[in-house]
Every structure is written in structure tokens, then in C-alpha cells.
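User: I would like to learn how to read a structural model step by step, with the general idea given before each case. Could we take one feature at a time?

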Amino acid sequence: FLPKLKSLGILAVDVMKKNIRWFLILLFLFSFILRITFAFLSPVKYWDETIYVNLGRNLLLYQEYSFLHGFADFSSNWPLAGFRPPLLPLFIAFFSLFSFNINLIILIVPFLSSLGVLAFFLFVRQLFNDKIAIYSSLFFSIFPLNVFWGSKILTDAILLTMVLFSFYFFWKIFFEEQKRFSYIFLFGLFTALGFLSRYSMIWFFPVFFVFLLFKYKNLKFLIDKRLLLSIFVFFIIVGPWFIFNYYSYGTIFGFLNHANDASLRWGANSFFSLVFYIFKDFGILLPFFILGIFALKKENKYSRFFIISWLIIIFLSLSFMGRKEERYIIILLPPILIISIIGVNKLGKHKNYIFAFLLILFSIFVFYNLFDLMSSYNSDQQNCFFNAMDFIGNSNATHMVTEHFSPVYFYTFKENIRVNNYTVIKDLIDNNYEGKVIFYHYQDGDWFNLNYENSNLSNSLIYSCGNIKIFNLK
């Protein structure tokens, strides 16, 4: 069986080398179908997913970029929303022109993430060769971390796609010494889009700088017309965002100050949480990664320097960042995967067995996650949630009081009354609101620590399902 598997693998790679265009088309379709499958099997959206969709809808409905309709938690700069990068909400607003149907919006990130798979192939092919690019892009398309976050209405996978396209055109300009205006423009464009998709894009600026310093051995590249024109394109695109921040915060860097405040408010994580995430998601690649570090010595020195610079600078940036979440490490995936693939490729006659083993293993991980999603698709808890959202949406209530601001607004379009102390709710409502107000309460996740059975709310219960209870406050 193993010799046949090896022969099949060699044949497949040879065919893909000769038919790159078809390989890329099939790779994109496979990546897109896989990601939208995960997206549609995850109907209950994360808090941050609903935040971005609500911001996008409000851009269209109210021409505002804020939380004025009560769908975000408390912050020192409320209702300003500048700490949330605007690109994804802008995409959502654009698609909402055609329909508010969430099934249309769900397609945005899987599509962009699948484009990122193609960008990854093109980038790796430039730095190394067809074989490394084919293997790397196959694993990149099915890597569990990339598939999962590439199916969410979040910014991480979008940033990764923009970074890869930005790097591709950067390499065209400053390694291949291309002078075509289209490359210069696209480098500036994708760098700007990366910044507008997630502010972490600024961590990649030092990668550009140290590579150019390494290549040219002086600072004359700072006055290179190609670089200056790319920077000009960048600022033309992000300029309106700086202007918006100046009028909103009083400084063009208001979004960064607000992002820092928000990160501190949500709480910092230790360095060890980052290490844990890295070993959890990339641990299986560790032996091949170590082997790849040594194998890099035989590769082009510029390619080697660029990949190592990416890895070190982004790892250090993540280390110093206060807030650390698992999804943030997705921007470490490309260099870790490339180095690991190079390591496997140096295993001689055994490499095809290892490639096949890893591809099968990652496929098992992905489809196990898919099966887990399918098994919970019609769970009682999920059905209770959607029934509660239907109940609220169809009620004649004008406003909501809830500790789950964004998801409830996302599913019902009922504006939230922002309070952080239950004892003031009743007086606030009686004195300020004429229409019906209802209180959505999820027992396992209270910010109010409310024991409704020992309060006068017990007589105003109008809906109950599982841990969800809804009360009539007025």
C-alpha cells in the first residue's frame, strides 16, 4: 500500500506542476467549500461576529460607525467604535445593500480566506519553488486553525489574506526589482487593506524594513521612488480613516488609543498562554519545523531571511501584546508551515510518506471538528436560543435590557438600554421609556448576578426555555 501511495503522491505533484492554473482553481473551490460548510454549521454567532455585523448594518442604516444603538458592552469611549477596524463592517454594509440576509454576509470571510490560500501559493512559489508551494498551499488550505477562523465573521483571516498579497507584491518590487506601477499600487493597496482589516498590520512594517536593510545594506531604500509611491497609495486609502478618528477622538491615532484601552479592559494574558496556543495548534509540526530551520541554510539567503524575520518579529509582537487569543496566532501559520514543509522535503525517500500522513491527519482533525459541529447543530440549547430570539423579534417591545447586548441586537434589531446595575433598571425605565421593555436573562452568564426567584421579577416571566428567561419590565 505504501509504495502505491508514494507513487500516487509523486504523480499528483507532477500533474499539479504542469497544470498550475487548474490546481489553483480546484484549491480555491476546495478551500471555499470547506470554509462555508463550517460557517453554515455554526449558526449561533460569536459576540465579536455580531459586533462586526451590527457595525456594518448601522453604517448602511444610520450612516454612523458607533455603538449608539446599545449593542456593545461598556467602555470608557462608548459609543465610539474606532477600536474596531472598519474594513469588515464596510464589506458587510456593501453586501447589505442587496440584502440583510445573514447567509450572504457569511460568505465574505470564507471567500477572502480562500483567496488567501491562492496568495500563499503565489508567495511561496516566488520565494522557493513549485513543489514547496504546492505542498505548503495544500496544508495551508486544510490546516484546522485556518479553516476554523476562516469561517467566522472576524478580521483575523482577512488580515492574513491581505498580508500575503502585500508580501507577494513587495517581493515582486524589491527582490525581483520590478518597476511596474500595477505592482507598486497593489503593494500599497493590500498593505492599506490589511491595516484597515486589523491594526496588527503595523507589526509587519518592521518586516519590510529589516528585509530592505538586509538587502541594500544602507538606508537609501527610504528614498526609493517605488517605496515612496507605495506609501503614498497606502495613505491615500487609509487617510479618510485618520480624518474620521481626528473628528471622533481629537487625534488621528484615536483608534489605537481606544484599542489599547479596550485590550486592557478585557484583561491581559501571560506569555505562557501564547506558548500554549502555539504548541496546541502547531505542536505536531515541531519536529519538522526544527528540521526545516537547519534545512533553510540551503535556500536562497533572502527568502530565508524574510521568513525568519516574519516569524521572529510577529512572535515578539504577540508576546508583548497584552490581550492574547488563540485566533491571533493565525499570522504565525505561514512561516511555521513553510519551514516545516521544507523540513519534511529534506527527508529523502520518506518525505512522501510523511506528507501523506500529515495531510491525512489534518483532514481527520478538520472533519472531526466538522462532525462535532454537526452533532450540536440541533441541540436543545441552540433551539432554545433561536426560539427566544424569534419571541423577542416578534414582540411589541421597543427596547431590551440584557447582559448579552450584541447577539440579541444582531438577531432581533431591538435596541438595548445600557445599564450595569440592576437596581437602577426599574426607575430608569419608568422615567424614560413609554413603550414595552423586556429583560433577556441567561442564567449561566449573568453580569447582574440576578436571582429572579427572590425578586419581584418572578411574577413578570413571559418566556422560559432551558437557561433562558424573558421578563416584562414595563
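User: How many bridges join strand β4 to β5, and in which direction do the two strands run?

Analyst: Bear in mind throughout that this is a predicted model. Strand pairing is read from the bridges between two strands, and here strand β4 (residues 461-465) is joined to β5 by four bridges, with the two strands running antiparallel. Within that pairing, Ser464 is the residue that stands opposite Lys469 of β5. The two strands make up a hairpin with two residues between them, and in the turn Gly466 has a positive phi of about 60°.

User: Why is strand β5 described as largely enclosed by the rest of the structure?

Analyst: A residue counts as buried when its relative accessible area is under 20%. In strand β5 (residues 468-472), four of the five residues are buried, and the strand is therefore largely enclosed by the rest of the structure.

User: What share of the protein's residues is buried, and how many helices and strands does the protein have?

Analyst: Of the 474 residues in the protein, 55% are buried, while the secondary structure comes to 21 helices and five strands.

User: How should I read a helix pair, and at what angle do the axes of α3 and α20 cross?

Analyst: One takes the distance between the axes together with the angle, and then asks which residues make the contact. The axes of helix α3 (residues 47-62) and helix α20 (residues 405-412) come within 9 Å and cross at roughly 50°, and the two helices are therefore oblique to each other. The crossing in which α3 passes α20 is left-handed. On the α3 side the contact includes Trp47, Ile51 and Tyr62, and on the α20 side Phe405, Pro407 and Phe410 are among the contributors. Sorted by class, this contact of α3 with α20 has eight nonpolar, four polar and one charged residues.

User: At what angle do α6 and α7 pack, and which hand does their crossing have?

Analyst: Helix α6 (residues 108-127) packs against helix α7 (residues 130-142) at an angle of about 155°, their axes being 8 Å apart. Angles over 145 degrees count as roughly antiparallel, so α6 is roughly antiparallel to α7. The crossing of α6 past α7 is right-handed. Phe120, Phe121 and Val124 are among the α6 residues that make the contact, with Ile132, Ile134 and Phe140 among those of α7. By class, the contact of α6 with α7 has eight nonpolar, four polar and two charged residues.

User: Which residues is Phe214 in contact with, leaving aside its neighbours within four places in sequence?

Analyst: Phe214, which belongs to helix α11 (residues 205-216), is in contact with Lys301, Tyr302 and Phe305 once those neighbours are set aside. The C-alpha atoms of Phe214 and Phe305 are 8.3 Å apart in space, although the two residues are 91 residues apart in sequence. With a relative accessibility of 24%, Phe214 counts as partly exposed.

Conventions. Residues numbered from 1 in each chain as written. Predicted model: local features only at pLDDT ≥ 70, side-chain atom pairs only at ≥ 80, totals over all residues. Heavy atoms only, no water. Buried < 20%, exposed > 50% of the residue type's maximum accessible area, 1.4 Å probe, protein only. Pairing = 2+ DSSP bridges. Axes fitted to C-alpha atoms, helices over the stretch in contact; angles between N-to-C directions. Parallel < 35°, antiparallel > 145°, perpendicular 65-115°, else oblique. Left-handed = near helix turned anticlockwise from the far one by under 90°. Contact = heavy atoms within 4.5 Å. Nonpolar A, V, L, I, M, F, W, Y, C, P; charged D, E, K, R; others polar.
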